[in-house]
Amino acid sequence: MTMTTLTTPTTLPGLDAPKPVPLTETKTLTMGKAINEGLRQAMLDDPKVVLLGEDIGALGGVFRVTSDLLAQFGARRVIDTPLAESAIIGTAVGLAYRGYRPVCEIQFDGFIFPGFDQIVSQVAKFHYRTQGAVRMPITIRVPFGGGIGAAEHHSESPEAYFTHTSGLRVIAVSNAQDAYSLIRQAIASDDPVLYFEPKRRYHVKGEVVPELGAPMEQAVIVTPGTDITLLTYGALVSTAKDAALAAFDEGISIEVIDLRSLSPVDYAVVEASVRKTGRVVVTHEAAQSGGLGGEIIATITERCFSYLEAAPVRVTGFDVPYPPAKLESHYLPDLDRILDGVDRVMGRR
């Protein structure tokens, strides 16, 4: 019987490239570049961190989030995969089983479903199934949401499928600092993490410091207020801040909370705000039925019923398939729709 021996190439991309340099001082970065810096730091911190995904190597990913990492770390750690999400996740499961910390990139949100079975049946359950003997420190990066004029299957918001699945952590970032800090925290976590990146925010700049900041499971108050609690995440955090500014001109004080962690939700911060304001608006791009907003409102109602001055309001995408690019502005929650929700919860409509 003939045995085939796998040989290692004598040269790999990156052998002559400058060594990767960590972020050591405050910089102004786009959100995409901040994720890139976070990935670089995680790979410097732990040689067991490997990246897998379609076109993430030489191309640097569709959104160039992984640019230069192949040159700096080589093809053993930045792996271009076939166009097969099921194989990407399945390979990550095997790597995690052997002690690696794989980071998978799903090229677009709507492409995650071929890997859905691996995520909910294997990644989410391995730790429980083995009674704690095996961990799955897998990070799955998912560019999500609309607003970029993309084709079908490129603008989905599938986060509720995964927040419904026990065993997964689910986070969504909204700015450059969180993009850097939370990708590092996600990779360092021994739990599997779905890391949602709002693709229409990739090119928005912000200051980034090397420190990790608040834990990824902690919600953050981005605009203090006293009249309404406005809960959101991802790309809509910016829109919610605009709504708070517009409402302030009309004498309404809105407290905007960036949830950041979608599973688990930081209900300590949420409840404290609701008990102060007595009114709640939740907004997200995903469709309303079965969406995360309904679960959040149900929990708030159970825990804060006696503090509520009005029925909570949801401002979401519609219960239809994501529309063609020319119509997406009508589908996505915008400033006017959020302010309409504010009027409803204030009893002005």
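Which residues point one way from strand 4, and which the other way? Arg-101, Val-103 and Glu-105 point one way and Pro-102 and Cys-104 the other way, and all are buried (under 20% relative accessible area with a 1.4 Å probe and protein chains only; exposed is over 50%, partly exposed in between).

## Basis of the model

This is a predicted model, in which local features need pLDDT of at least 70 and side-chain atom pairs count only at pLDDT 80 or more, while totals for chains, interfaces and linings use all residues. Residues are numbered from 1 along each chain as its sequence is written, and side-chain values use heavy atoms, with hydrogens and water left out.

## Annotated domain

An unreviewed UniProt entry carries the annotation "domain: Transketolase-like pyrimidine-binding" for residues 29-204. UniProt positions are given in the numbering used here, feature names are shortened, and annotations may be inferred rather than shown by experiment.

Over residues 29-204 the chain is 36% helix and 18% strand, and the end C-alpha atoms are 8 Å apart. Helices (H or I, at least four residues) and strands (E, at least two) are DSSP runs, numbered from the N terminus.

Seven strands form an open sheet in the order 3-2-4-5-7-6-12, with mixed pairing. Its edge strands are strand 3 (78-80) and strand 12 (261-263), each of which pairs on one side only. With direction ignored, neighbouring strands of this sheet are turned by 20° against each other on average; axes are lines fitted to C-alpha atoms, for helices over the stretch in contact, and angles run from 0 to 180 degrees between N-to-C directions.

Two strands pair if DSSP finds at least two bridges between them. Strands of a sheet pair through backbone hydrogen bonds, either parallel or antiparallel.

## Strand 4 and its partners

Strand 4 (residues 101-105) is mostly covered, with five of its five residues buried. Strand 2 (residues 49-53) runs parallel to strand 4 and is joined to it by five bridges; here Leu-52 has Cys-104 as its bridge partner. Strand 4 is also parallel to strand 5, through three bridges, and Val-103 stands opposite Thr-139 in strand 5.

Strand 5 (residues 139-144) pairs in turn with strand 7 (residues 193-198), in the parallel sense over six bridges. Val-142 has Phe-196 in strand 7 as its bridge partner.

## Ser-155

Ser-155 lies in the loop between strand 5 and helix 6 (159-163). Ser-155 counts as buried because its relative accessibility is 2%.

Leaving aside neighbours within four places in sequence, Ser-155 is in contact with Asp-109, Gly-145, Gly-146, Ala-150, Lys-199, Tyr-322 and Glu-328 (contact means heavy atoms within 4.5 Å).
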